[in-house]
Structure formats: structure tokens, C-alpha cells
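This report is an introduction for a reader who meets the structure for the first time. It takes up the strands, the helices and the spaces among them in turn.

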Amino acid sequence: MQGLDLHRAYPQLFTRSEADLVTSLQGAAATVRPRHKLVQAGVPVTACSYLLEGFAGRYRADHQGRRQLLGLLIPGDFIDLPTWRLGHSDHEIVALAPARVCALPHAAISDLRQDAPDLYDKLWQVTLLDAAIERYWTFRNGRLTGRARIASLFAEALVRQYARGLCGLNGCPLPISQTDLAEACGMTPVHANRMLGELRQEQVCLFLDGRVEVMDLAGLFRQAQFDWDYLYLPPEISERLAEIARGEAAPVPQGWARQAAARRVRRL
């Protein structure tokens with residue numbers, strides 16, 4: 001089974017043998033198309049899903065169908081681990097891009113409680129890490145300005161993927177639409193477009209074709225008022241980011257990043 005396993009997703013948490021055990025309990029990987037609903041609210045389930053490849057989003061909608069993007073799921077995330085105890089999800093989960101997922105039966109998780117209690121506890125630690133990210137999303141949309149919200153979302157997407165070896169610090173995949181971005185940040189698409197224009201004009205970052213190109217990572221962190229403590233990163237990664245934020249290190253040759261972004265700007 002190819003894709004990002006638990007050891008690569010959480011190297012500070014799961015050992016290789018623990019990741020292999022979880023893989024052995026999972027079903028065959030399934031490929032899903034973009035905008036396919038992975039989890040439907042209120043529908044009982046008997047397994048939770050693990051995201052091997054691709055991206056997904058958590059959504060809720062009001063009675064008029066207006067959606068709020070509640071969270072971003074990247075390769076290496078469990079999609080709905082709490083359903084083991086809750087029995088169903090209270091929100092929709094949708095694939096944002098082509099994705100591959102595999103199922104971990106709830107019964108298998110129950111068995112781990114007796115057969116591998118340390119591994120069982122670590123799985124629930126994953127839910128605590130997810131909850132920390134959800135709290136930060138509440139803070140982001142409740143306190144930060146519009147431009148800071150977008151910059152913060154970009155910074156989080158970059159850092160989370162960088163920590164899992166999925167990208168460098170010059171940019172990252174983010175296969176969401178501008179409407180998705182607006183829904184994630186609690187604003188209209190018109191407002192989101194204006195904020196994206198400001199970040200581009202100030203040569204901080206560029207969002208185009210499902211990717212964020214970063215021209216000034218320290219500037220992106222400043223614009224976002226970004227503090228990554230809620231991600232509980234390995235110390236060596238956290239220190240690397242701190243050096244960049246303090247201006248003590250550059251993530252990539254700045255000329256390369258600016259040239260790459262300039263080529264994309266010319267296409268607008």
C-alpha cells in the first residue's frame with residue numbers, strides 16, 4: 001500500500017512497527033475523485049478513514065446551503081477517527097482533489113485497547129492534535145484580519161506539509177478553489193480575491209493553480225501573526241522555522257522564489 005504511513009506522518013509519535021501494524025489492519029486503498037463526499041453527516045459508520053494521498057476538507061452548511069470550511073486534511077491525516085466513539089460524524093468531509101483513502105475498522109481499534117495499549121493511546125493523541133488545529137481555526141477567524149486569515153491558512157498548509165516531507169519551504173500544494181478559501185476564512189470570494197492581490201503585490205506569496213508559491217516566508221509569518229505552537233512540531237523543525245521568522249536563515253534562494261512567482265503573475 002503506497003502513500004504516507006503513520007510513521008512518516010508522525011515520526012515523533014509512531015514507531016515503524018506501530019505504523020506497520022496499523023497498515024496491516026487497514027483495508028485496501030480506494031481512489032476517490034475531487035468533490036466526492038468521503039463522510040456524510042449523521043450516517044452511522046463502522047470504520048474510520050486514513051488519507052494516504054490527496055486533500056480533503058471538513059464542511060458544515062447553514063439552512064440556505066452556505067458552507068463553512070472547518071478544516072483542511074492533508075496526506076497522513078485520519079479523516080474521522082472520533083467516529084469510533086461517536087458512531088457518526090456531525091459534518092461532511094469532501095475530497096478537494098483526487099485522493100486515496102483506506103479504512104480502519106472500529107473493531108480493530110477496539111482490539112488495540114487490549115492488544116497494543118500504547119498504540120491505542122497514540123491514536124487518541126492524534127485526535128488531540130487535530131483538536132488543537134481546530135481551536136486555532138476558531139481563533140484565526142474570530143480574531144485575525146482578512147489578510148492575516150488567508151496568510152495564516154497558507155502558512156499552516158505549508159508548515160504541516162513541510163513537517164511531513166511533502167514540500168519545501170518555498171511553496172506547497174493547496175488544491176482548493178478561491179471559493180473554498182473564502183469559506184475557510186469567513187469572508188466573501190470578492191474579499192478573498194482582494195486580499196490575495198495584496199499579498200501578491202507585496203511579494204509575500206502567490207496562490208494560483210492549486211498551489212501557494214512563497215516569495216517571503218518570514219513576511220508570510222508576520223502577515224499571518226503565525227505561531228505554530230498548536231501544531232506540536234518536532235523540535236528541529238520548530239527551531240528551523242524560528243530561525244527563518246527571526247531572519248536568521250532563508251528557506252530557499254530568494255531569487256528563485258521571486259522568479260517562479262513572477263512567471264505565474266504574468267499568466268494572470
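## Terms and model

A strand, as the word is used here, is a DSSP run of type E with at least two residues, and strands are numbered from the N terminus. The model is predicted, and what follows should be read with that in mind.

Three strands make up an open sheet in the order S8-S10-S9, and their pairing is antiparallel. The edges are formed by strand S8 (171-173) and strand S9 (205-208), each of which pairs on one side only. From one strand to the next the twist averages 10°.

Between S8 and strand S10 (residues 211-214), which run antiparallel, there are three bridges. One residue to look for in this part of the sheet is Cys-172, whose bridge partner in S10 is Val-212.

## Two helix contacts

Helix H4 (residues 106-115) packs against H5 at an angle of about 130°, and the axes of the two helices lie 6 Å apart. That angle makes H4 oblique to H5. On the H4 side the contact involves Ile-109, Leu-112, Arg-113, Gln-114 and Asp-115, which meet Pro-117, Leu-119, Tyr-120 and Leu-123 in H5. Sorted by class, the contact of H4 with H5 has six nonpolar, one polar and two charged residues.

A second contact brings together helix H6 (residues 146-163) and helix H8 (residues 189-201), whose axes come within 9 Å and cross at roughly 70°. Since angles of 65 to 115 degrees count as roughly perpendicular, H6 and H8 are therefore roughly perpendicular to each other. From H6, the residues Gly-146, Arg-147, Ile-150, Ala-151 and Phe-154 take part, and from H8 they are met by His-191, Ala-192, Met-195, Leu-196, Glu-198 and Leu-199. The residues of the contact of H6 with H8 divide into seven nonpolar, two polar and two charged.

## Cavities

How many cavities of 30 Å³ or more does a search of the whole structure find? The search finds two. In the largest cavity there is about 230 Å³ of space, and among the 17 residues that line this cavity, Ala-9, Tyr-10, Arg-164, Leu-231 and Leu-233 are the closest to its centre. Helix H5 (117-143) and H6 each supply at least two residues of this lining, and H5 gives the most, with three residues. By class, the lining of the largest cavity has twelve nonpolar, one polar and four charged residues.

The second largest cavity holds about 80 Å³ of space. Its lining consists of Arg-58, Leu-70, Gly-71, Leu-72, Leu-73, Asp-77, Asp-130, Ile-133, Glu-134 and Arg-160.

## The largest pocket

The largest pocket has a volume of about 310 Å³. Of the 15 residues in its lining, those closest to its centre are Arg-58, Pro-82, Asp-90, His-91 and Glu-134. The elements that give two or more residues to the lining of this pocket are helix H3 (83-86) and H5, with H5 giving the most, at four residues. By class, the lining of the largest pocket has five nonpolar, five polar and five charged residues.

Key. Residues are numbered from 1 along each chain as its sequence is written. This is a predicted model: local features need pLDDT of at least 70, side-chain atom pairs count only at pLDDT 80 or more; totals for chains, interfaces and linings use all residues. Side-chain values use heavy atoms; hydrogens and water are left out. Axes are lines fitted to C-alpha atoms, for helices over the stretch in contact, and angles run from 0 to 180 degrees between N-to-C directions. Angles under 35 degrees count as roughly parallel, over 145 as roughly antiparallel, 65 to 115 as roughly perpendicular and the rest as oblique. Contact means heavy atoms within 4.5 Å. Ala, Val, Leu, Ile, Met, Phe, Trp, Tyr, Cys and Pro count as nonpolar, Asp, Glu, Lys and Arg as charged, and the others, Gly among them, as polar. Two strands pair if DSSP finds at least two bridges between them. On a 1 Å grid over the protein atoms alone, a cavity is a set of points where a 1.4 Å probe fits but cannot get out, and a pocket is an open set with protein on both sides within 12 Å along at least five of seven lines; lining residues have an atom within 4 Å of a point. Grid points are joined across faces, edges and corners, and a volume is the space filled by probe spheres set on the points.
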